[in-house]
Amino acid sequence: MVVETQGVDVVVMDTEMVICGRKGRRLFVAAEVSLVDESGNVLLHTYAKPPMRVVSYNTRYSGVTPRHMRYAPPLREVRSRIESILRGKVLVGHAIENDLRALDLWHPPDAIIDTQKIPEIQLLFANDTPGLKRVCLGLLRREIQSGAHSALEDAQATAAVFSVAR
């Protein structure tokens, strides 16, 4: 699912990852991706088929199952769509470097805001680097991730955190 992004200046992203491997090397690779605007409106929500063998779907945490991969587009196609959406925009995420690494995606550092590193969040959590679940509970009084994670739920929660803490 992709919608028009004209007039959108800020894009909030989250991914859910599976574990892939080759010859003893293990990598976390994005298998579900969600992009929302500052208000939490969906810009993109899709599954993505990793380019290498999945060793663990990590379903308990990721919510991703083999069924999701059956008709998922290849990760390279999804990455191309993401790059198109992000072009010229500010990217927001919680511990966003993990999502960028899992997507093998680069975005200009001066156009990235990590909600985990926003000064108000740092003050609230005594300079700790809290997870999104903890931030949502402490800042928004909202519980998320009560079961398996969802990239869409997490992206929308990050958008809410960003709007309150910036």
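This is a predicted model: local features need pLDDT of at least 70, side-chain atom pairs count only at pLDDT 80 or more; totals for chains, interfaces and linings use all residues.
Threonine 15 touches Ala30, Glu32, Val33, Asp99, Ala102, Leu103 and Ala151, leaving aside residues up to four places away in sequence.

**Threonine 15**
- Threonine 15 belongs to strand 1, which covers residues 10-22.
- Because its relative accessibility is 4%, and buried means under 20%, threonine 15 counts as buried.
- One of the residues that threonine 15 touches is Asp99, and the side chains of threonine 15 and aspartate 99 also make a polar contact at 2.6 Å.

**Aspartate 37**
- Aspartate 37 is placed in the loop that runs between strand 2 (25-36) and strand 3 (42-47).
- With a relative accessibility of 14%, aspartate 37 counts as buried.
- A polar atom of the side chain of aspartate 37 lies 2.9 Å from the backbone nitrogen of asparagine 41.
- When residues up to four places away in sequence are not counted, aspartate 37 touches Val8, Val10, Val12, Leu43 and Ala159.

**Helix 6 and helix 7**
- Two packed helices are described by the angle between their axes and by the distance between those axes.
- For helix 6 (residues 132-140) and helix 7 (residues 151-165), the axes come within 10 Å and cross at roughly 45°.
- That angle makes helix 6 oblique to helix 7, and the crossing of helix 6 and helix 7 is left-handed.
- On the side of helix 6, the residues that meet helix 7 are Leu132, Val135, Cys136, Leu139 and Leu140, while helix 7 contributes Asp154, Ala157, Thr158, Ala160, Val161, Val164 and Ala165.

**Loop residues with positive phi**
- Alanine 95, a residue other than glycine, has a positive phi near 55°, and alanine 95 is found in the loop between strand 5 (90-93) and helix 4 (96-103).
- The relative accessible area of alanine 95 is 12%, so alanine 95 is buried.
- Aspartate 104 likewise is not a glycine and has a positive phi of about 55°, and aspartate 104 lies in the loop between helix 4 and strand 6 (112-114).
- The relative accessible area of aspartate 104 is 61%, so aspartate 104 is exposed.

Definitions and conventions: Residues are numbered from 1 along each chain as its sequence is written. Side-chain values use heavy atoms; hydrogens and water are left out. Helices (H or I, at least four residues) and strands (E, at least two) are DSSP runs, numbered from the N terminus. Buried means under 20% relative accessible area, exposed over 50%, partly exposed in between (1.4 Å probe, protein chains only). A polar contact is a pair of N or O atoms within 3.5 Å; within protein, one must be able to donate a hydrogen and the other to accept it, and residues adjacent in sequence count only if both atoms are side-chain atoms. Contact means heavy atoms within 4.5 Å. Axes are lines fitted to C-alpha atoms, for helices over the stretch in contact, and angles run from 0 to 180 degrees between N-to-C directions. Angles under 35 degrees count as roughly parallel, over 145 as roughly antiparallel, 65 to 115 as roughly perpendicular and the rest as oblique. A crossing is left-handed if the near helix is turned anticlockwise from the far one by less than a right angle, and right-handed if clockwise.
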